[in-house]
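Hi,

Here's the structure I said I'd pass on. Have a look at it first, then read my notes below.

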Amino acid sequence: MIADQQLVINNLEEKIRIFTHTVNGKLINEEDFIFTNTEIPTDTFNILLPKSSQIKSEFNIRSSIESMTLKEYPFSTWIDSRYLNASWQDLMEEYDLKEAERNVMMKLENTLNIGQRISHQLMITSVKNNEDLLKYIEVFKSLFEGTPEEEALKSYFNEFSLKKLGSEVQMFIGCIDEMAVTTGLLIESKDSYGIYDVMTKETSRGKGHGSEMFQFLLNQTKDKQKPVVLQASNDGKNIYKRFGFIEIGEMVVFE
């Protein structure tokens with residue numbers, strides 16, 4: 001039986017793989033880590049994901065980090081707190097990577113009892129073409145407005161190909177009067193569904209749009225017996241608990 005935390009790691013690995021492939025990026029997949037380089041200076045999509053508490057491929061991981069450093073490409077490290085021992089901690093410190101945040105790993109056992117959403121405003125549709133994608137991107141970039149990451153994301157999505165997304169990926173936009181105000185992403189892996197990118201424009205927050213998108217995503221799961229996993233901030237975890245999610249671990253992010 002797969003550990004709950006491993007479900008989160010496996011689903012995140014699937015997301016990383018897919019969103020690197022869509023821009024023809026480079027992916028290094030070793031026994032103890034996965035590292036992606038999109039060839040774009042974005043720490044949102046350039047990611048190091050440790051898969052073990054033991055660093056077994058030290059030369060490869062150092063080469064990967066130093067290659068990114070040489071090109072001045074930022075990246076983020078997402079590590080299960082169970083793996084954050086002295087070896088990984090020392091590696092982060094050696095390359096001057098600082099802890100940026102901690103996210104709560106959460107799991108819902110299945111989606112058999114998720115109620116149907118009721119909406120009188122929000123129209124949620126899947127991203128099927130470039131016009132839809134532009135709306136998704138608009139919401140995504142709005143969270144990074146005025147930062148270097150905003151420009152990096154613009155470069156990333158300029159290379160992004162919807163055609164390279166498989167059937168396991170579902171992207172959605174929530175619109176009011178044809179204006180996108182919220183987004184959501186659902187990824188199916190072998191053992192779970194993962195929910196990501198539930199984002200709402202700042203000007204549209206506090207109106208329940210994010211919660212509505214979240215419930216919509218839960219209703220899009222085809223295999224209702226499959227668990228759903230996600231990562232939440234400490235502030236946001238109570239929203240997901242209302243849907244039956246439980247805390248199963250912690251992910252530490254270094255940048």
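A quick definition to start: the expected span of a helix is 1.5 Å times one less than its number of residues. Helices (H or I, at least four residues) and strands (E, at least two) are DSSP runs, numbered from the N terminus. This is a predicted model, where local features need pLDDT of at least 70, side-chain atom pairs count only at pLDDT 80 or more, and totals for chains, interfaces and linings use all residues. Residues are numbered from 1 along each chain as its sequence is written, and side-chain values use heavy atoms, with hydrogens and water left out.

Now helix 1 (residues 4–21): its 18 residues should span 26 Å at 1.5 Å a residue, and that agrees with its end C-alpha atoms, which are 26 Å apart. Of those 18 residues, 13 are buried, so helix 1 is largely enclosed by the rest of the structure. (Buried means under 20% relative accessible area, exposed over 50%, partly exposed in between, with a 1.4 Å probe and protein chains only.)

Two loop residues other than glycine have a positive phi:

- Glu39, with phi near 65°, sits between strand 2 (33–37) and strand 3 (47–50). Glu39 is partly exposed, at 29% relative accessible area.
- Asp177, with phi near 55°, sits between strand 7 (169–176) and strand 8 (179–188). Asp177 is exposed, at 76%.

Finally, where do helix 4 and helix 5 meet? Ile137, Phe140 and Lys141 in helix 4 are in contact with Glu150, Leu153, Lys154 and Phe157 in helix 5 (contact means heavy atoms within 4.5 Å).

Cheers
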